Amino acid sequence: MALVGNLKDLKLANIVQLNCMEKNESMFAVEHHKQVGRIYFAEGNIVHATYGSIEGEEAVFRILQIKEGPFRVESNVPPPKRTINAAWGNLLMEGLRMVDELREAKNAAMAKLSREIKNINGVNGVLVCNLFGEILMEEGIASGKRTSAAMAFLMRKIEKVGRASKMGNLKSAAFTAKNEKRVLCRWHEDVVEINIDPKLILEAVEQGLDKIGFSDIKPQA
Amino acid sequence: MKEKLEEINGIAGVRTSFLFFNDGELVYHSLPKGLDADECLEIARDVVQMGGIADRLSPSNHEFEIKFETGRVYAWLHLHFNLVVLCDPTVSLSMLRLTVNVALADLEADKKFQKRISKIEATRRSFLTRSNMDPESWSLVEIVS
């Protein structure tokens, strides 16, 4: 019988620990951004892993970075081959250390991004969130969980409209309501919401973003 | 209604425009090349769902301007009806706004049109249902609600 769940509820480190300590022969699979990551357990260790076209330890490190996504663990699945020989404890420690480093680098990049956007004329506040509505960074305004969930929803729908209308990827979007205007754009895997003066036009914000090199600021060093 | 859409569709760079009522009725003048009626309906529903979420943050009329690599989507969302315009990137936004504003004012003053929309009890939020979207989008709707 397969164990199914979501990584936001059960951490991968715990799943690895359980399968290795119980000496299970099993396969863990997770979906993330249309990629599938797989980790194979046998003889009390991690023996093989894949993430897209990546194999071995690098695949484990990539999968450890996934914070949310549906997973399943299937018992009695033999590994197709062996690409990992390191002890699972060492592998896990190294992977989690890399996850911490990447998180710190991303936080620094987001702080730089938010600060620079906030300095664009007419910008009142900036929110960075992921597609699950989790707030990653705020500058200037306290938006709250409802706003970040709404922005994540809007971004998902915008991208769906882009596909349905065959117009390609999003460049930027402006949402105007009574007394408020929000600009929404993608920043790598995440969503940036910019709260602007309602009189400001979208092109002015786009020019400001070009000036600060918005698309060149990377979430990881 | 169709005359108004015809005027909008006459602007250089406009691919098509359609009115979508909150009860699900879709009114369009002509389908653009490469899109069928079902695809237009899907776009309209998604735009209206976006409006439903925007309503939850700030209940008012809304205007959306969405720029993609090879096209633009503009939407004007009023209480009972939603106007969606699909355009080329080269469309003159000032000309479009001018024509749309006149069309919207005419529709607001059109008694027959007003009678038609006064019977609509559904709101944009009516489209924000679990059966109308994927589970991840629905979990976001629940947070916003």
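A:Glu43 sits in the loop that links β3 and β4 of chain A, where helices (H or I, at least four residues) and strands (E, at least two) are DSSP runs numbered from the N terminus. This residue is not a glycine, yet its phi is positive, at about 55 degrees. A:Glu43 is exposed, as 11 other C-beta atoms lie within 10 Å; by definition, a residue is buried if 20 or more other C-beta atoms lie within 10 Å of its own, exposed if 12 or fewer, and partly exposed in between, with C-beta atoms placed from the backbone.

The model is predicted: local features need pLDDT of at least 70, side-chain atom pairs count only at pLDDT 80 or more, and totals for chains, interfaces and linings use all residues. Residues are numbered from 1 along each chain as its sequence is written, while chains are lettered from A and ligands numbered from 1 in the order in which they are written.

A positive phi, near 60 degrees, also occurs at A:Asn76, again a residue other than glycine. A:Asn76 belongs to the loop between β6 and α3 (88-118) of chain A, and it counts as exposed, with 8 C-beta neighbours inside 10 Å.

Turning to the sheet, six strands of chain A form an open, antiparallel arrangement in the order β1-β6-β2-β3-β4-β5, two strands being paired if DSSP finds at least two bridges between them. Because β1 (3-6) and β5 (54-55) of chain A stand at the edges with a single partner strand each, one side of each is left without a neighbour in the sheet. Strands β2 (residues 26-32) and β6 (residues 70-75) of chain A run antiparallel and are joined by five bridges; A:Ala29 stands opposite A:Arg72 in β6(A).
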